[in-house]
Amino acid sequence: MQGCAEAYGDAFTIRLIGAPPLVFFSQPAAIKEIFTGDHETLRAGRGNEILRPVFGPNSVLLLDGARHRRERKLLMPPFHGERMRLYGGIMREIVDRSIDDWPVEHVFPIHKHMQQITLDIILRTVFGVDEGEMLSRLRVLLVEFLRLVGSSPLLLIRRLQVNLGPFTAWKRIGELGREINRLLYDEIARRKTADLEERTDIMAMLVAARDEDGQPMTDDEIRDEMITMLVAGHETTATSLSWAVHRLLQNPDVLATAQAEVASVIGNGSQGSEHMAEQIAELSYLDAVIKETARLDPILPIVTRYLETPMRIGDCDLPAGCVVSPCIYLTHRRSDVWPEPEAFKPERFVDRRVDPYTFFPFGGGLRHCLGAAFATYEMKIVLARMLLRVVLRPDPSYTVRVVRRSITFAPSGGLPVIRTASDLQEHAGVV
Ligand code: HEM
């Protein structure tokens with residue numbers, strides 16, 4: 001992407017065999033045109049077509065127009081406000097349990113733990129139960145399913161999704177998909193007979209939800225949305241957390257400032273969950289660390305919109321049938337917007353309003369990530385607990401590279417780190 005931008009400027013086209021031309025943009029004015037443009041012309045659902053085999057045809061990610069608006073409205077409540085904050089206690093419990101298991105004075109890949117934390121958080125919030133046979137089985141199936149789907153970018157290409165016999169990945173993916181579906185449909189049926197008023201989990205809310213015409217979601221819709229949330233809400237957040245840990249360990253001054261903020265806001269305050277939402281809201285420096293990480297290490301480098309009709313964007317006349325891409329990676333590195341773009345400086349985000357067309361790790365416009373507030377809240381809780389409870393140091397032999405993990409960009413090698421032996425004693429007062 002950087003090579004193309006240097007060679008061709010702000011807008012350029014990538015042509016891949018078997019896919020529509022992909023036109024990259026990184027100029028804030030063009031990004032604004034795309035995010036605020038007519039949604040009948042700029043179709044995000046059609047731009048995400050590649051995800052259909054995993055999420056299903058009813059996923060909010062794949063819909064456009066009126067059906068997309070209906071689905072988004074039905075899904076929104078658990079991801080905002082009071083409802084979302086209710087999940088803070090679960091998030092803290094899960095991260096604390098994970099930290100208890102991190103080895104001491106051994107190199108270990110922290111990404112694996114971040115994945116477990118974010119998967120457990122989304123499973124617990126979607127299903128509302130701690131353990132049990134269904135959840136353990138679903139966890140095992142999902143991990144294998146995502147590992148296989150993410151193992152090769154070629155598997156996302158529709159024409160290659162064929163079952164060529166007993167040992168092919170696509171056959172196994174099909175088997176796993178069927179078993180995951182069976183568990184989800186069983187659970188949907190069980191929820192329909194449960195007392196939904198009593199429950200705060202996302203699934204119960206979807207079963208109880210009614211659209212403007214008073215219609216409930218169908219079982220297929222609920223299935224597709226649950227898979228969407230489990231998948232979209234898990235690896236994305238884990239990878240963003242791993243990048244934040246990497247940046248903190250590479251920048252000791254930033255780490256010290258973040259640690260001091262967490263100690264002063266949470267360390268000396270109440271450890272109960274009743275004040276957690278206010279405490280998390282007070283962590284403005286940690287919030288800036290998360291944003292600066294998302295600026296430099298966006299886990300999704302692009303978002304896409306399929307052009308249904310011809311359109312002029314910036315000074316480019318584009319035909320129907322191409323895909324336009326606000327490029328997160330390139331926009332976040334523009335030197336005319338971000339002085340010293342490669343430097344990691346959380347201060348850029350402290351007490352500053354962010355322009356949504358120069359900084360958009362969660363995409364933009366009507367299609368802005370549905371889980372953005374949830375993911376940010378979760379990341380702040382995970383990092384705050386980590387900063388309070390443990391002292392980590394980088395593996396001295398490690399040099400980071402960006403690698404693809406499913407559809408995200410992740411730090412290589414699972415980000416090896418070492419937990420310092422003295423951390424618990426040093427922080428004993430605040431654990
Ligand atoms: C740090 C973590 C995350 C990042 C960086 C991220 C990023 C994104 C991006 C870039 C998009 C595309 C937006 C666009 O096309 O303009 C998106 C869409 C979406 N994300 Fe996230 N996401 C994260 C976490 C989550 C979580 C936790 C959930 C839910 C539990 C979630 C659910 C969704 C959904 C449902 C959409 C589709 C929205 C629509 O099409 O209307 N994401 N996300």
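## Around the ligand

The side chain of Arg72 has an N or O atom 2.7 Å from an oxygen atom of the ligand. Gly364 takes part through its backbone, where an N or O atom is 3.0 Å from a ligand oxygen atom.

Which elements give two or more residues to the shell around the ligand? They are helix H5 (65-75), helix H12 (219-232), helix H13 (235-250) and helix H18 (372-389). There are 27 residues around the ligand, and His68, Arg72, Arg305, Arg367 and Cys369 come nearest; a residue is near a molecule or strand if one of its heavy atoms lies within 4 Å of it. The shell is made up of 16 nonpolar, eight polar and three charged residues. Here Ala, Val, Leu, Ile, Met, Phe, Trp, Tyr, Cys and Pro count as nonpolar, Asp, Glu, Lys and Arg as charged, and the others, Gly among them, as polar.

## The iron atom

Which protein residue is the donor to the iron atom of the ligand? The single donor is Cys369, through its SG atom, 2.3 Å away. Donors are N, O and S atoms within 2.8 Å of the metal (3.2 Å for Na, K and Ca); water is not among the atoms, so sites may look incomplete. Cys369 belongs to the loop between helix H17 (328-331) and H18.

## The whole chain

The chain has 19 helices and twelve strands. Helices (H or I, at least four residues) and strands (E, at least two) are DSSP runs, numbered from the N terminus. With a radius of gyration of 22 Å, close to the 22 Å that the globule rule gives for 431 residues, the chain is as compact as a globular protein of that length. This radius is taken over C-alpha atoms, and the globule rule is 2.2 Å times the number of residues to the power 0.38.

## Sheets and a hairpin

Now for the strands, where two strands pair if DSSP finds at least two bridges between them. Tyr306 stands opposite Val323 in S8.

Another open sheet has three strands in the order S4-S12-S9, paired antiparallel. S4 (107-109) and S9 (392-394) each have a single partner strand, so one side of each is left without a neighbour in the sheet. Phe108 has Val417 in S12 as its bridge partner. In the hairpin of S10 and S11, two residues lie between the strands, and Ser406 takes a positive phi near 50 degrees.

## About the model

Residues are numbered from 1 along each chain as its sequence is written, and side-chain values use heavy atoms, with hydrogens and water left out. The model is predicted, so local features need pLDDT of at least 70 and side-chain atom pairs count only at pLDDT 80 or more, while totals for chains, interfaces and linings use all residues.

Note on methods
Polar contact = N/O pair within 3.5 Å; in protein donor to acceptor, adjacent residues only side chain to side chain.
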